[in-house]
Amino acid sequence: MNWMDHEYYIEIYPPLEFNYKECLVFLCRSDQEVLYRVMNGFLYKLIKVGEESILLKIGYDQHVLYVEFPISHPSESARKEAAMYVWEWFDLEQDLSSFYEVACKSEVLQPLVQKYAGLRVVCMPDLFEALAWAIIGQQINLPFAYSLKKRFVESFGEGLSFEGERFWLFPSFEKVAEIDVEELKKLQFTTRKAEYIIGVAKAMSNGEITKESMLKKQDFQQAKQSLMVIRGVGAWTADYVLMKCLHYTCAFPIADVGLHNALKEQMGLERKPTIEEINQIATNWEGWQAYATFYLWRSLYE
């Protein structure tokens, strides 16, 4: 991590291959989003460090991310945690040079990497959030998924107000482990999804599932299988979490509808490609399927 602590604000120095504007396009894809806000050119994000909720005000200028703390004056250790969160959120540890080499040999990806150069996978550092959001999004359209998440966050998450705006934290697994399936059904969750999310929360509360243990898995397949033993987590959900939270660039949510639509559009097809056809298209994406998918998702927001 490359950063500097100025006590009242911090500076984060991303790699050369970083396009903040493109990352914001992805972040702003839904007006139902409640976990961050973009206002007057600044990105506001509430995070939890220990028992303290810290509001981050993130700006960008001359290839430097500036993070201010408009409400509190966090401790030195909390400021470092904030820097680490932003670094992980924008996947700044990833060296994209190999991805661009791969992409430039692909007819589908080459125009996308030229157009969106510097775009990085916008991650979810919190494992429970990544699992819950993936489960929420199973087999429903994105607008409805966002409306469900909004109800979930506003019902069970912690929040604070600043200058007339309300900022929210994703509900903690400790909190969700204590709620009843019927409480989620009132928010229009199906019985199954309610059971899955509460089940994940309970498993995390018991220490059965932790991000640390997932990161220690020996390889991608072992990590994927460890996720797929969780009730409610199939191949698509596992790949999504491996991609968005655990930073596996080889994760490939191949059954994703958005991916299929993007490939159909980019290739000028009359129908969406089959799984077999996608595997053929992705033959040379080995090791970078997650980034290929993310760039294709970006193409849907023109």
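Phe18, Tyr20, Tyr36, Tyr60, Tyr85, Trp89 and Phe90 make up one aromatic cluster. The model is predicted, and local features need pLDDT of at least 70, side-chain atom pairs count only at pLDDT 80 or more, and totals for chains, interfaces and linings use all residues. Residues are numbered from 1 along each chain as its sequence is written, and side-chain values use heavy atoms, with hydrogens and water left out.

In total, the structure holds 30 aromatic pairs. Rings of Phe, Tyr and Trp (its six-membered ring) pair if their centres lie within 6.5 Å; planes under 30 degrees apart count as stacked, over 60 as edge-to-face and the rest as tilted. Tyr20 and Phe90 form an edge-to-face pair, because their ring centres are 6.2 Å apart and their planes stand at 65 degrees. This pair links distant parts of the chain, 70 residues apart. Tyr20 belongs to helix 1 (residues 20–27), and Phe90 to the loop between helix 2 and helix 3 (97–103). Helices are DSSP runs (H or I, at least four residues), numbered from the N terminus. Tyr20 counts as buried at 5% relative accessibility, and Phe90 counts as buried at 0%. Buried means under 20% relative accessible area, with a 1.4 Å probe and protein chains only.

Phe99 and Trp288 form a tilted pair, because their ring centres are 5.8 Å apart and their planes lie at 40 degrees. Here too, distant parts of the chain are linked, 189 residues apart: Phe99 is in helix 3, and Trp288 is in the loop between helix 14 (275–281) and helix 15 (289–298). Both Phe99 and Trp288 are buried.

Charged groups also sit over rings. A charge qualifies if NZ of Lys or CZ of Arg is within 6 Å of the ring centre and within 35 degrees of the ring normal. The charged end of Lys57 sits over the ring of Phe42, 4.3 Å from its centre. Arg166 lies over the face of Trp168, at 5.2 Å from the ring centre.

Arg79 is placed in helix 2 (residues 76–89). Arg79 counts as buried because its relative accessibility is 8%. Its side chain reaches the backbone oxygen of Pro74 at 2.8 Å. Neighbours within four places in sequence aside, Arg79 is in contact (heavy atoms within 4.5 Å) with Trp3, Asp5, Glu7, Ile10, Phe69, His73 and Pro74.

Notes. Helix = DSSP H or I, 4+ residues; strand = E, 2+ residues; numbered from the N terminus. Buried < 20%, exposed > 50% of the residue type's maximum accessible area, 1.4 Å probe, protein only. Polar contact = N/O pair within 3.5 Å; in protein donor to acceptor, adjacent residues only side chain to side chain.
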